[in-house]
Amino acid sequence: MGDRATVLPMGACLRVPVRRLDADLPLPAYARPGDAGIDLLAREDALLAPGGGRALVPTGIAIALPEGYAGFVQPRSGLALHHGVTLLNTPGLIDCGYRDELKVLLVNLDPTEPFELHRGDRMAQLVVQAVGQVEWEPVEELPVSERGGGFGHTGR
C-alpha cells in the first residue's frame with residue numbers, strides 16, 4: 001500500500017499542493033477560523049433552470065492530496081436554504097490520486113426560480129479528512145451490536 005500519511009494532531013495544518021488554473025481567482029479559503037469547510041469558488045458563470053437544472057462548474061484549481069487523505073465536496077447551507085441549490089453527488093469524493101481540476105455538480109431544486117451563479121461566487125465546500133484503507137476479513141457471522149437490525153432500525 002505504500003507509505004501512508006500520519007493523522008495530524010488536532011489543530012495542525014495539512015499542507016496540500018494546489019495548482020491555480022485561473023490566476024484571477026483567489027485560492028479557496030475558510031470563511032472563519034476553525035471552519036471545517038473551505039469555500040470553493042465558481043470559475044465560470046452558470047444558469048441553473050428551475051426544477052432540476054444542473055451544471056458542472058469548474059473551480060479553477062487542481063490539488064494533490066497526500067495518501068491517507070480524501071476531499072469531500074459538500075453543499076453550502078445558504079444556497080440550499082435560500083435558493084434550493086445543492087449538489088447531486090453529495091458528498092463528492094476526491095481521492096488522493098486525483099489531479100484534474102476540481103468541479104462541482106450543482107442542481108437547482110427550486111420548482112419555479114432559476115438560479116444564476118457568477119464567476120467567483122462561493123458554490124460548495126471542501127472538507128479534507130484522513131481516511132483509512134480496508135482489508136476484508138471474511139467471517140461466518142458478525143459480532144452482535146446494540147443497534148441490532150438493518151436499515152431504519154434506529155427509530156424515527
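Predicted model: local features only at pLDDT ≥ 70, side-chain atom pairs only at ≥ 80, totals over all residues.
Local features need pLDDT of at least 70, side-chain atom pairs count only at pLDDT 80 or more, and totals for chains, interfaces and linings use all residues. Residues are numbered from 1 along each chain as its sequence is written, and side-chain values use heavy atoms, without hydrogens or water.

Five strands form an open sheet in the order 2-3-12-7-9, with antiparallel pairing. Strands here are DSSP runs (E, at least two residues), numbered from the N terminus. Two of them pair if DSSP finds at least two bridges between them. Strand 2 (29-30) and strand 9 stand at the edges. Each has a single partner strand, so one side of each is left without a neighbour in the sheet. Strand 7 (residues 69-74) runs antiparallel to strand 12 (residues 122-130), and six bridges join them. Valine 73 stands opposite leucine 126 in strand 12.

A pocket is an open set of points on a 1 Å grid over the protein atoms alone, where a 1.4 Å probe fits, with protein on both sides within 12 Å along at least five of seven lines; lining residues have an atom within 4 Å of a point. The lining holds 14 residues, and Val73, Asn89, Leu93, Ile94 and Lys103 lie nearest the centre. Strand 9 (92-94) and strand 10 (103-108) each give two or more residues to this lining.

Last, the cysteines. The structure holds zero disulfides, a disulfide being a pair of cysteine sulfur atoms within 2.5 Å.

How values were computed:
Helix = DSSP H or I, 4+ residues; strand = E, 2+ residues; numbered from the N terminus.
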